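Colleague: I have the chain open beside me and would like to talk through how it is put together. Could you take me through it in steps, with the terms made clear as we go?

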Amino acid sequence: MYKKLAVLSAAIFASATPISGSLASGAPIPDWAVPPDKVVIDVVTVNGSGCPQGTAAVEVLPDNTAFTVTSSRYTARVGVGARPHDFRKNCQLNLKVHVPQGFTYGIAQADYRGFAHLEQGATALEAARYYFQGDSSTDFADHNFKGPLNDVWQATDKTEVGEIVYLPCGENRNFNINTQLRVYAGTSDPKETTSSIAMDSPDGSVNTTYHFAWKKC
């Protein structure tokens, strides 16, 4: 039986132009700053050991404030029953966001959730980076976990209002998300135990949420 565990961290992705109102500032995005027309996201490519073809889904929330990514086979493990390369899993998504006319967007916050079973002495890592096609990659935002742990985990990457990177108005560039999970046996015995960290949800109950920051052009 899992207990809820929240691990909250802050990460600054890069510098950009500030706007008024953002989830990153702790206040809701004002209605005037959210496009009234439906936002559509096309998944252009999906690559990685953590998201084989057909195992990742993207959905925009009805109010256009965020989109979710759900995976069904995103688990890193080490120890009994694990293959040598299973200690690291990654997923690279290339998304085409159809932005309503007169608006542009950035990502203000990303909320990750999953399940972890870490033996005493084992450790795990969740990391992510985000960038628009053609831009240089941002640094990884890392979140570390230590065993013993047998819980739901949560990690949040949050960007201050003045640091949000926006797609330049009028440009048509895809948005890239690169995430990874790693687990290490550490001082635990991989011949006798198994440790794992997952960002998957076979029933769709666990997902990653990316919160938009909208700006009028």
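Modeller: Before we speak of bridge partners, a word on pairing: two strands pair if DSSP finds at least two bridges between them. Please also keep in mind that this is a predicted model.

Colleague: Fine. What does the secondary structure of the protein chain come to?

Modeller: The protein chain has zero helices and 13 strands, and buried residues make up 47% of its 217 residues.

Colleague: Let's start with β7, then. How many bridges join β7 to β10?

Modeller: Ten bridges join them, and the two strands run antiparallel. Within that pairing, Y112 has A155 of β10 as its bridge partner. As for β10 itself, which covers residues 149-158, seven of its ten residues are buried, so the strand is largely enclosed by the rest of the structure.

Colleague: And β12, how many bridges does β7 make with that one?

Modeller: β7 and β12 pair over three bridges, in the antiparallel sense, and F115 has A198 as its bridge partner in β12. Strand β5, residues 75-79, also pairs with β12 in the antiparallel sense, over five bridges, with S195 in β12 as the bridge partner of V78. β12 is mostly covered, since four of its five residues are buried.

Colleague: Changing topic to the rings: how many aromatic pairs does a search of the whole structure find?

Modeller: The search finds 13 aromatic pairs. One of them is Y105 with F175, an edge-to-face pair at 6.2 Å centre to centre with 75 degrees between the planes. That pair links distant parts of the chain, with Y105 in strand β7 (residues 103-118) and F175 in strand β11 (residues 175-184), 70 residues apart.

Colleague: Are those two buried or exposed?

Modeller: Y105 counts as buried because its relative accessibility is 1%, and F175 is buried as well, with a relative accessible area of 4%.

Colleague: Which residues form the aromatic cluster?

Modeller: One aromatic cluster is formed by F67, F103, Y105, Y112, Y130, F132, F175, Y210, F212 and W214.

Colleague: What about K215, where does its charged end sit?

Modeller: The charged end of K215 sits over the ring of Y166, 4.5 Å from the centre of that ring.

Colleague: Now the inside. How many cavities of 30 Å³ or more are there?

Modeller: The count comes to one cavity of 30 Å³ or more, and the largest cavity has a volume of about 100 Å³. Its lining is made by V69, T70, S71, Y74, C91, L93, Y112, I177, T179, M199, T208 and Y210. The elements giving two or more residues to that lining are β4 (66-71), β6 (88-98), β11 and β13.

Colleague: Which of them gives the most, and what sort of residues divide up the lining?

Modeller: β4 gives the most to the lining, with three residues. The lining residues of the largest cavity divide into eight nonpolar, four polar and no charged.

Colleague: V69 is in that list; how far is it from V206?

Modeller: V206 and V69 are 9.2 Å apart in space, C-alpha to C-alpha, although 137 residues apart in sequence. V206 is in the loop between β12 (194-198) and β13, and it counts as buried at 8% relative accessibility.

Colleague: Last topic, the backbone. What is the peptide bond from G147 to P148?

Modeller: That bond is cis, with omega near 5 degrees, and P148 is found in the loop between β9 (141-146) and β10.

Colleague: And what is phi of N64 near?

Modeller: Phi of N64 is near 65 degrees, a positive value in a residue other than glycine. Most residues other than glycine have a negative phi, and most peptide bonds are trans. N64 is placed in the loop between β3 (56-60) and β4, where N64 is buried with a relative accessible area of 5%.

Terms used: Residues numbered from 1 in each chain as written. Predicted model: local features only at pLDDT ≥ 70, side-chain atom pairs only at ≥ 80, totals over all residues. Heavy atoms only, no water. Phe/Tyr/Trp six-rings, centres within 6.5 Å; stacked < 30°, edge-to-face > 60°. Buried < 20%, exposed > 50% of the residue type's maximum accessible area, 1.4 Å probe, protein only. Lys NZ or Arg CZ within 6 Å of the ring centre and 35° of its normal. 1 Å grid on protein atoms, 1.4 Å probe; cavity = no way out; pocket = protein on both sides within 12 Å on 5 of 7 lines; lining within 4 Å. Points joined across faces, edges and corners; volume = space filled by probe spheres on them. Nonpolar A, V, L, I, M, F, W, Y, C, P; charged D, E, K, R; others polar.
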